[in-house]
Amino acid sequence: MKKAIFIGVPFILLLVLVGWRYMQKTETNKQLGVRAQGLKNGPANVVLAKVGPLPVTLTFEAVGTVSSPYTVELCPKLTGKIVSLPDYLREGYTVKKGQVLGQIDPTETIGQVLQAQSLKAQAVSTLVSAQYTQHPTVENVNSQIAQAKATVDSNIADYDQVKENLDAQVHQATANVTDTQAKVDAAKAATANAVAGLASANATLEDAQAKLDRQMVLYKQNFIAAQDVDDSKAAQKVAKANVDVAQGLVNSAKQNEVSLEQQKREADDNLSIVKKTGETNIRAAKAKVVLARAALGYAEATNNLKPAYAAQIKADEAAVAAAQGNINQANARLSDCNLVATIDGTISKRNADVGTVVNAGASILEVQYLKWLYVTSTVPIEYSDRVVKGTTVTMTFDAIPGLKLNGTVAELSNVADPQNRQYDAMIKIDNTDGKFRPGMYARVHYLVSKKIFPIAVAREAIKTSNVTGISTATMVDTGNVAHVVTVVTGEQDTNNIEIKSGLDAGDRVVVLSYVPVKDKQKVVEGGIKKKPKNMGTNPNLPADQTAEGAKTRPGTGQSSSSSGVTSGAGN
């Protein structure tokens, strides 16, 4: 029985309460109906605003993620066993650029360094030996060339001298032949003269003999005196003596001619000998010149080895440089055994410990730079011409309630993601106090543009049909008569909207009313206590008409009105 009472009493009280609430609601609806009927039949109470200059601020919100600008995976360049990696190098530990954090076993690399140093020593020894032998060899080649050139010049001079001597000797021998020939010719002429003289003497002798014979005949016949015979005998003897003299002259002339002809033959032989000897001497001198030039050519050919010596020196120097390069590489590999921090940052991940054998390129530690960070968010492609470097943003962070951070776009991606048609924008934020961490969630509010349009009104003044898409406004003339006019709108935000046509600056429009205002209906300004908050952005409203009641649904750009109040924007 008690249990039934405990259950029934609350149920009865609930029924009484519901009935009382229903009666109260019915009475309120009746009162509102009476009031609305009165308003329908009389002038409409409205809030008016003037058309004029108003700001239109375009914004949008995007989701962002905090990330480090530099995330470095510290990896060994060599495969080996980790011999040093302090245990305190854990997540959250701060490191400095250049700090040695660990080491791979360097034993094998040290051996490579020593081997490279040995090869360099051998290369240096070869280079020094080549440099030591090059100078004497080059000097010897230069000396041989100089001697060969001097020999060539000397032999050419001898050759020229032999030619000159031959010319002189041939000239002299030829002159001797000519002179001897002249003498032979003179001797032949003298012989001919002597022969002629002998013939003349013989003729005289024959004449004297004949005369003597006639005188003897005459003498015997006593036709002449003895004296005449004696004279004829004497004349005959003189003529005979003259014949003997002439014969001697002929003999002497012939002997002289024979002697001169012998001299002529000797002169001819001498000329022939001079020519043959001279030609032989010339050929010998020419042969000496040829040999000397051949020796010079050989010396000069040897001189061509000097570039080879120089090339060998360069090759040896290159070998030394290559050996040094091998040492540098070996030292670099030795340095690569050390795991060195490449940036200032904080360790965010440790993947191995001492004794682990790791491959080249395997991550041991991850270090992130945290002094400043990026907030990366995506920007729709339709804002690509408006969101640029320097665009102002406001950021909030779910992990840090109440924090609102202002910033600007620092970096922009030039390529949109083909999947979502958005591209990345990065905002740089300071993190010297360390309150931000990579991976944090952020809301980024972009200020796309902020313009003041000369003809604009509050958004509540515009109605847009969901069916036709036509926008209208209720304009009130000087007689307080409402006129519904079609307007063309432009850019808009949650508070104001640009009017491109349909209204002029200074026109009054309805922004708030209890009931919808019809075309040609009389209106009364004022009488509404609750007004939209966003009406405060219209500088044309009186101070006592600042709206308070309207609320905006984020991201939709539509306003919702307070209970019992109708917005001029309508549905």
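In this predicted model, K81 stands opposite V357 in β9. The pairing behind this contact joins strand β4 (residues 80–84) to β9 in the antiparallel sense, over 2 bridges. Both strands belong to an open sheet of 4 strands with the order β7-β6-β4-β9 and antiparallel pairing. Its edge strands are β7 (338–340) and β9 (357–358), and each of these pairs on one side only.

Another open sheet of 4 strands has the order β3-β10-β8-β5, again with antiparallel pairing. Here β3 (71–74) and β5 (94–95) stand at the edges with a single partner strand each, so one side of each has no neighbour in the sheet. The partner of β3 is strand β10 (residues 365–368), and the two pair in the antiparallel sense over 4 bridges. Within this pairing, E73 stands opposite E366 in β10.

The structure also holds 14 salt bridges. The table gives some of them.

| Salt bridge | N to O distance |
|---|---|
| D87 and R90 | 2.6 Å |
| D344 and K371 | 4.0 Å |
| K435 and D433 | 3.8 Å |

D87 is exposed, at 54% relative accessible area, whereas R90 is partly exposed, at 33%. K435 is partly exposed, at 38%.

Key: Residues numbered from 1 in each chain as written. Predicted model: local features only at pLDDT ≥ 70, side-chain atom pairs only at ≥ 80, totals over all residues. Heavy atoms only, no water. Pairing = 2+ DSSP bridges. Salt bridge = Lys/Arg side-chain N within 4 Å of Asp/Glu carboxyl O. Buried < 20%, exposed > 50% of the residue type's maximum accessible area, 1.4 Å probe, protein only.
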